[in-house]
Amino acid sequence: MYETIPAADLKTVGKKSGRVDAYEKLTGNAEYVSDMVVQGMIYAAVKQSPHARARIKSIDTAKARALPGVRAVVTGDDLDYRVGLYVVDKDILARGEVRHFGEAVAAVAADTLLIAQQAVALIEVDYEVLEPVLHPLQALAKDAPLVHPRLGEYSYMEAAFTPIPGTNIANHTRIRKGDVETAFAEAEWVVERQYTNPSVQHVPMETHVAIVRWQPNDEVTIWSSAQSPFTLRNLFCTAMKLPHRNVRVIVPYVGGGFGGKAGIGIEPLTAVLSRAAGGRPVKLMASREQEFSLLPCRSQLTYQIKTGVSAEGKIIAQRMTMFWDSGAYADYAVNVTRASAYSAAGPYEIPNAWVDAYTVYTNKPFGTAYRGFGHVEFHWGVERHMDLVAKVIGMDPVEFRRRNTLRAGSRTLTGELIREHTGSIDKCLSAVCESIGYGTLTDAERERQERTGMKIGKGVACFHKAPAMPPFTATAVILKMNEDATVTANLALTDYGQGSYTAIAQIIAERLGFPLQKVKVAFDCDTDREPYDWQTVASKGLILSGNAAILAAEDLLANAYETAGQALRCNRIDLAHDSEKIYVKHHPEQAVTFRQLAVGYAYPNGNGIGGPLIGVGRYIAQGLSHLDKETGQGNPALDWTYGAHGMVIEVNEHTGEYNVLKVGSAFDVGKVVNPDSVRGQAIGGMIQGLGTAVCEGYIYDEAGHLLNPSFTDNKIPTAADLPLEIDCMVVETPQIDGPYGARGVGEHPMIGVAAALGNSLQQATGAEITHMPMRFEDVWRAIRQKEPVDNWITKSPHGHCKSSPQVQGYHPELGC
């Protein structure tokens, strides 16, 4: 949409602009739900299970109810509700059985938080501890305990997902393309290996928090730190059997989300406490430790890849098997499984492919959306595997990638045709190779090696991602012209730090021809006032809401032109406008100002025409389809954003200690809307990716207890962990259906970072690492336990032929 306009002709799009929320956030004036106090508000606390799997024999709440200041106590037996995003499988409070360490079994609302916490401590729960299932491969065994014996009774989204009753499989997504077995038989090399990574926490600055007032007339107001107010309302109303008109969701400023606040979380529990307390507003705010155990995380993945390669270095066959650890509930994990399946090969053309992606229930905290929506996890495997295959066949890893990248005329795993405007992974790869000086060492780098005694390594990783969303995803934007001819935009896309509202304001200003200072995007999202938006996830906000914003601007201008045509007594086709007025093109002195039109034009005698100027823009994803459940063929992708990372590291081969010296990142963003926002996303996402690559990960004991539910033992990066040099680059291949050619880039900087690090370490030391995070001790072990490359070859022109290759097993102590 307007993708052909030359950059030189654009006034605000592509230009630097300060963040529209900068002043409020920097001065502390931005109000978050965690800051809010509502009149009559009381406070909630939650009783959590100390066991990963146990039968609840009894819950005694008498002492808690007797404590002065306690206004409500609820247990699972009081609540006949079940919630779920795609599979409706979760009770608000555990009923009969707890399914993960930290699960909520009871809750209290009291006059103060301290009283609520004291009351929770007085609740006595008698458990019969049961043996948990802690890994997807264990959960798939025939004799494995069923996490959900009643899976066949749950409702679910049948068009997209396939739970298998009588098993622990919450979903199975299949992709079938070409003739895999024949291609493997014809391959010169067949290489197979397994890759793993653990669950990690989102760690937003603001934890999950909600205030809910459920009045006796069944009208409910929810203030929440949620990413998606309309999805929250819809899921809440479905679970509580309330009409949507009865429920109002208000989302003010949000202190980060990264996918963890995308669906429905603590709001139903907070709501039933409010109802039990006679309609008093109740506030529930998760502690940091509860973020790790009570609330969802990123799913663990075990990924097995088998690749067949021709003598020319072309991938001709690939079998990919994913075991996604859903944890105790399906939540977003089933859709992560679906999205990862149709993207499973990375940005490479595979003519013959077989993908089986499983979502598997276990007795661990449940998985949900996380920045990258599964692509961080499986690209770790894909890009480590690309380097392995290149090593096996004796080809440079970058050259091997270039021979196999998707390009115009290629077909994706689901049969989608790649076009010229889809983007260019090759340009991104070339940019990062140039940035890091791939394949060589500079004089300064050689001197550093000699001075420090550390070995320098360089590696790359490529990636792609499309928005994972229903094929009919829609959004709307409403523009209102104020009396002074400034404009206010209302939309339900939530800006929780990614800078979306700044970009939307620039797009609106560009289409109206107004200076940016005349455009405001209202920050609070309110389902009673804002128009519908599906969710703020998947890097779809810029393209969908940006298009809706353009259409709203055009609608406002059309309404203004109609009134101006009457006022100036001319045909609207003869009109043009600037930032202040609408005028007759061939008589520009004949004009009417936007200020005169804003709330209705008045003739000198007092007669009025027009009325308040508004514009409505609606946009829905075009040309998408469900995937065929048997073959996985279809068109699930609104757009693809391609990218690559290059990394320079130094490593001590004796201790395994390493430093990241430089990261070069390139993304084909279609069109840059705000350069500073793109750079901010690129750096922030890369650092977040380094965290999961270097230090983050849940650790469980054999009983399923989470051993590191805090920053004491579950580290995240700090400013001290920044690479010495960061180089952010963009490629601009305009997206035809994107606003001014733009496509999303919010999630992508995090994808591929871990693989680039793993490839750099391998290049420097020869150590083959197949599990992340890569702590110093992991690198040290890998250097000392180097395995021959033959271990992963099942067929080669040199006579290798194995029936069962060696693959790295999972780590029971990590639960992954």
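Q: Two strands pair if DSSP finds at least two bridges between them, so in which sense do E1 and E14 pair, parallel or antiparallel?
A: E1 and E14 pair in the parallel sense, over two bridges, and Tyr43 stands opposite Lys283 in E14. Strands here are DSSP runs of E with at least two residues and helices are runs of H or I with at least four, both numbered from the N terminus. Keep in mind that this is a predicted model, in which local features need pLDDT of at least 70, side-chain atom pairs count only at pLDDT 80 or more, and totals for chains, interfaces and linings use all residues. Residues are numbered from 1 along each chain as its sequence is written, and side-chain values use heavy atoms, leaving out hydrogens and water.

Q: And how many bridges join E1 to E7?
A: Six bridges join E1 to E7, and the two strands run antiparallel; Lys47 has Ala106 in E7 as its bridge partner.

Q: How many residues of E1 are buried?
A: Five of the seven residues of E1 are buried, and the strand is mostly covered (buried means under 20% relative accessible area, with a 1.4 Å probe and protein chains only).

Q: What's the strand order of the whole sheet?
A: This open sheet of eight strands has mixed pairing and runs in the order E3-E7-E1-E14-E11-E12-E13-E24. Strand E3 (70–75) and strand E24 (525–526) form the edges, and because each has a single partner strand, one side of each is left without a neighbour in the sheet.

Q: Which way do E11 and E14 run, parallel or antiparallel?
A: Strand E11 (residues 209–214) and strand E14 (residues 282–285) run antiparallel and are joined by four bridges, with Ile211 opposite Lys283 in E14.

Q: What does H6 lie across?
A: Helix H6 (residues 229–240) lies across E11, E12, E13 and E24, and runs at about 150° to E13 (angles run from 0 to 180 degrees between N-to-C directions, with axes fitted to C-alpha atoms, for helices over the stretch in contact).

Q: Switching topic, at what angle do H17 and H18 pack?
A: Helix H17 (residues 675–694) and helix H18 (residues 753–765) pack at an angle of about 55°, their axes being 8 Å apart. That angle makes H17 oblique to H18 (angles under 35 degrees count as roughly parallel, over 145 as roughly antiparallel, 65 to 115 as roughly perpendicular and the rest as oblique).

Q: Which residues make the contact?
A: Met686, Gly689, Leu690, Ala693 and Val694 of H17 meet Val753, Ala754 and Leu757 of H18, where contact means heavy atoms within 4.5 Å.

Key
Pairing = 2+ DSSP bridges. Buried < 20%, exposed > 50% of the residue type's maximum accessible area, 1.4 Å probe, protein only.
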